[in-house]
Each structure stands twice: as structure tokens, then as C-alpha cells.
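Take the points in any order you like.

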Amino acid sequence: MLIILDRDGVINEYDGNYICSADEWIPIPGSIEAIARLCNAGHRIAIATNQSGIARGYYGIDELNAMHDKLEQLVEAQGGCIEFIAYCPHHPDEHCNCRKPLTGLLDQIRNHFHLDSLQGAMMVGDSRKDLEAGYTAGCHPVLVRTGNGLDTERHLDARPIPGAKVTIYDNLSKFTDALLSSEGW
């Protein structure tokens, strides 16, 4: 199965401030191991991440690549593999088609894997934008309570995503536990 992960707040710590360097990029405890466990169970992993800090001038492509290199090296050290990372470098005011909640990043992932659709894939995120993009692209939306997840969960109760059945877990590790034990899937 293809599992698409948001980055900030799902894999790494995120408090609402921009992460501008590899030194500031700190994994959430258990997230790297969870990705490796998913890979070792035969799942394919891709990342879809909005990175408007580039357009805002907070960091450049070199810094973003260093963050992603760190992520990939940590996952590989645990025996896993991130097969593709799609990112949106645009400012929200640019109205691009890749910034979540639009599906451009997910379209890039679908094209990378030569898939006709993303039916059967999962989109794991901590924000409504992640869930909406995943659901619109045909993925099963999964919310984790890390990063912005608790706040997102509170707002979902008041304003659900029409038609979407969002599954919720405390963190990426708990999602992995459930998926690998086939609990609820």
C-alpha cells in the first residue's frame, strides 16, 4: 500500500514556527521507526509537504534538501526507505495547484509511482489541509494528534469534511501499530 505522509507535525516536531534548517528538524519520538516498520511490512512511503518558508525567504532549497537528507538517512538507518518527496515551495498568495489542500503534490506522487489513481492509498496528516487533499485525491484520510492534530480534531468535530471518514491516532507510531495489526482496516 502507498502511504503518503505530511512532514511537519507528523514526522517531525512542529509548534507552528517555520523549521529552517536540518538542526531545527527534530523527529517526533517513534516516527522514524514507524516509517521503517511500514517499509519493512511492504508499504511504500511518500511525503507531501507545503514549504512556503522558501517563498517567504526563511530558508532556501539547499536547507530544505538538507532537512530531507537528514530524514532519509535516519529512516534508512532503521532499515526503511522514503521513495519520493513532493513539496510545494510557493507562497499561499501565489495560488499554485500544488499547495495543500489542492491535490498537486498528490498528483506528483501518483505520477511518480505510475498509478492511475490513489484509491487505496492513505494520507496521514495533522491538518485539515492534509486530510482534504488526501480525500479529494482518493486517499483514506488519517489524522494524527501530533503537531496541529489536536486542534484539527477539535475543528473536525464542529466542521467535518463532507463524505470523508477520517481515522484518528495519537501519532504516527500508533497509526503504524494499528495498520500492521490490521486493526480497523
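How much of the chain counts as buried? Of its 185 residues, 48% do. Bear in mind as you read that this is a predicted model.

1. You'll find six helices and six strands in the chain. Starting at the N terminus, the elements go β-α-β-α-β-α-β-α-β-α-β-α. The radius of gyration is 15 Å, close to the 16 Å that the globule rule gives for 185 residues, so the chain is as compact as a globular protein of that length. Along the principal axes, the C-alpha atoms fill a box of roughly 40 × 40 × 35 Å.

2. **Contacts along the sequence.** Take the contacts between residues at least 6 apart in sequence: 67% of them join residues at least 24 apart.

3. **Helix α1.** This helix covers residues 31-40, and seven of its ten residues are buried, so the rest of the structure largely encloses it. The buried ones are S31, I32, A34, I35, A36, L38 and C39. What do the buried residues of α1 pack against? Their partners are the strands β1 (2-5) and β2 (44-50), along with the helices α2 (61-77) and α6 (172-180). Just past the helix, G42 has a positive phi of about 100°.

4. **Helix α4.** Further along, at residues 128-137, comes α4, where the buried residues are R128, D130, L131, A133, G134 and A137. As a reminder for reading such lists, an α-helix has 3.6 residues a turn, so residues three or four places apart point the same way. The cover over the buried residues of α4 includes α3, β4 (122-125), β5 (140-144) and α5 (149-158). Here too a glycine comes next: G138 follows α4, and its phi is positive, near 100°.

5. **A lysine to look up.** Is K100 buried or exposed? K100 is buried, because its relative accessible area is 2% and buried means under 20%. You'll spot K100 in the loop between β3 (84-88) and α3 (104-112). Leaving out residues up to four places away in sequence, K100 touches D6, A48, T49, N50, L105, M123, K129, D130 and A133. Two residues on that list, D130 and A133, are among the buried ones of α4.

6. S127 sits in the loop between β4 and α4. With a relative accessible area of 17%, S127 counts as buried. Which residues does S127 touch, not counting those up to four places away in sequence? L143 and T152. S127 and L143 are 16 residues apart in sequence, while their C-alpha atoms are 7.4 Å apart in space.

7. **Aromatic rings.** The structure holds two aromatic pairs. Y169 and F175 have ring centres 5.9 Å apart and planes at 65°, so this pair is edge-to-face. Both Y169 and F175 are buried.

Methods. Residues are numbered from 1 along each chain as its sequence is written. This is a predicted model: local features need pLDDT of at least 70, side-chain atom pairs count only at pLDDT 80 or more; totals for chains, interfaces and linings use all residues. Side-chain values use heavy atoms; hydrogens and water are left out. Helices (H or I, at least four residues) and strands (E, at least two) are DSSP runs, numbered from the N terminus. Buried means under 20% relative accessible area, exposed over 50%, partly exposed in between (1.4 Å probe, protein chains only). Contact means heavy atoms within 4.5 Å. Rings of Phe, Tyr and Trp (its six-membered ring) pair if their centres lie within 6.5 Å; planes under 30 degrees apart count as stacked, over 60 as edge-to-face and the rest as tilted. The radius of gyration is taken over C-alpha atoms; the globule rule is 2.2 Å times the number of residues to the power 0.38.
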